[in-house]
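Subject: Structure for you to look through

Dear colleague,

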Amino acid sequence: MSLAPSISVPRSRFNALPLYIGLFCLLWSYAFVAGKIGVTHCPPLILLAARFSLAGILILGATMMRGDWSLSWRDAAIFAVLGIANNALYLGLGYTGLQSVSAGLGGLIVSANPVFTAALAALLLGEGMTWRKAGGLLLGIIGVTAIVWHRLSVGTDSLHGIVFTLASLASIVAGTILFKLLAPQGSLWIGNGVQNLAAGIVLTPVALTFADVHAIDVTPSLIGAFAFLVLGGSILAYWLWFHLLKVCGATAASAYHFLMPPLGILFAFLVLGEHVEARDLLGIIPVALGIYLVTRPAKPAS
């Protein structure tokens, strides 16, 4: 009796993308809370200059020790430019705004990133803008606007801080488009190190000129927030962000920023005790639906 030949069935490969997306959203949204803690104990420019410099030294130092440099001078220069937009300008302006706006509202404003990114990506990058994507972005806007409107009605946030946060939003949109437009090659890990170090080099003289070193209040809260911002924010979250940009595209990756308002408000309530009501959380429904519509893969043509 002959035996049928055994057929080896390859195991399906584990898809880590949902895990990366979830971790990125948690880290990025909590960074607003850690940033709010940080700027209450340290001038924002000094905090950021130290954060970026340390993160860059850690990443590039580990790379040098392994002898694993795989970045051309052209790509290193591109990542340095991205570091000025995505790190120095985005967070420098954002943290200045955080001195007079709540962590929840700061996250809300920056979460408008997908709208502007999607529009510019369609114009400059050739990323398709379908009716489904447009509808998803509109739902995201509705959800975020509902939360913002209610938060502003509380009256605890200053116009000065809101202007800085809006400028911060413009910086990350520009950085997102530049990343896709210039398309640097090589290791994202090393590129993130170059970005951080470039941002630290740019911000350090500005911080030492305009900020008061004596205003630093070294507390356990500041040390904990700083450690999270360096390790969880500048190193891990930014690596995840550029990885998502590469594999998902600018529009889809940016759509996940619509998750930041509810997560940021939740973290701000749990950690900082910022005021939150049930009405704040109603915006989650259109936000979640909007993300689904923007990021759902198109059906293959039959």
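**What was found**

Read from the N terminus on, the elements of the chain run α-α-α-α-α-α-α-α-α-α-α-α-α. In numbers, the chain has 13 helices and zero strands, where helices (H or I, at least four residues) and strands (E, at least two) are DSSP runs, numbered from the N terminus. Please keep in mind that this is a predicted model, in which local features need pLDDT of at least 70 and side-chain atom pairs count only at pLDDT 80 or more, while totals for chains, interfaces and linings use all residues. Residues are numbered from 1 along each chain as its sequence is written, and side-chain values use heavy atoms, with hydrogens and water left out.

Of the 302 residues in the chain, 50% are buried; buried means under 20% relative accessible area, exposed over 50%, and partly exposed in between, with a 1.4 Å probe and protein chains only. Among the contacts in the chain with a separation of 6 or more, 93% are accounted for by residues 24 or more positions apart, a contact being heavy atoms within 4.5 Å.

**How helices pack**

Helix α1 (residues 17-41) packs with helix α4 (residues 103-110) at an angle of about 135 degrees, and their axes are 9 Å apart. Axes here are lines fitted to C-alpha atoms, for helices over the stretch in contact, and angles run from 0 to 180 degrees between N-to-C directions. The two helices α1 and α4 are therefore oblique to each other, since angles under 35 degrees count as roughly parallel, over 145 as roughly antiparallel, 65 to 115 as roughly perpendicular and the rest as oblique. The crossing of α1 and α4 is right-handed; a crossing is called left-handed if the near helix is turned anticlockwise from the far one by less than a right angle, and right-handed if clockwise. On the α1 side Phe 32, Val 33 and Lys 36 take part, and they meet Ala 103, Gly 106, Gly 107 and Val 110 in α4. The residues of this contact between α1 and α4 divide into four nonpolar, two polar and one charged, where Ala, Val, Leu, Ile, Met, Phe, Trp, Tyr, Cys and Pro count as nonpolar, Asp, Glu, Lys and Arg as charged, and the others, Gly among them, as polar.

Helix α3 (residues 73-98) packs with α9 at an angle of about 125 degrees, with their axes 13 Å apart, which makes α3 oblique to α9. The crossing in which α3 passes α9 is right-handed. Asn 86, Asn 87, Tyr 90, Leu 91 and Tyr 95 in α3 meet Leu 229, Tyr 238 and Phe 242 in α9, and by class the contact of α3 with α9 has six nonpolar, two polar and no charged residues.

Helix α2 (residues 44-66) and α8 pack at an angle of about 145 degrees, with their axes 7 Å apart. The crossing of α2 and α8 is left-handed, and their contact has 17 nonpolar, eight polar and one charged residues.

**Single residues to look at**

Val 230 lies in helix α9 (residues 220-248) and counts as buried at 2% relative accessibility. Leaving aside its neighbours within four places in sequence, Val 230 is in contact with Arg 51, Leu 54, Ala 55, Leu 58 and Ile 235. The C-alpha atoms of Val 230 and Ala 50 are separated by 9.0 Å, although these residues are 180 residues apart along the chain.

Thr 96, found in helix α3, is buried with a relative accessible area of 17%.

Ser 158 lies in the loop between α6 (131-154) and α7 (159-182), and is partly exposed, with a relative accessible area of 26%.

Most residues other than glycine have a negative phi. Ala 183, in the loop between α7 and α8 (188-210), has a positive phi of about 45 degrees although it is not a glycine.

Finally, the side chains of Arg 74 and Asp 75 meet in a salt bridge (2.9 Å, N to O), meaning a side-chain nitrogen of Lys or Arg within 4 Å of a carboxyl oxygen of Asp or Glu. By this rule the count comes to one salt bridge, and Asp 75 counts as buried at 7% relative accessibility.
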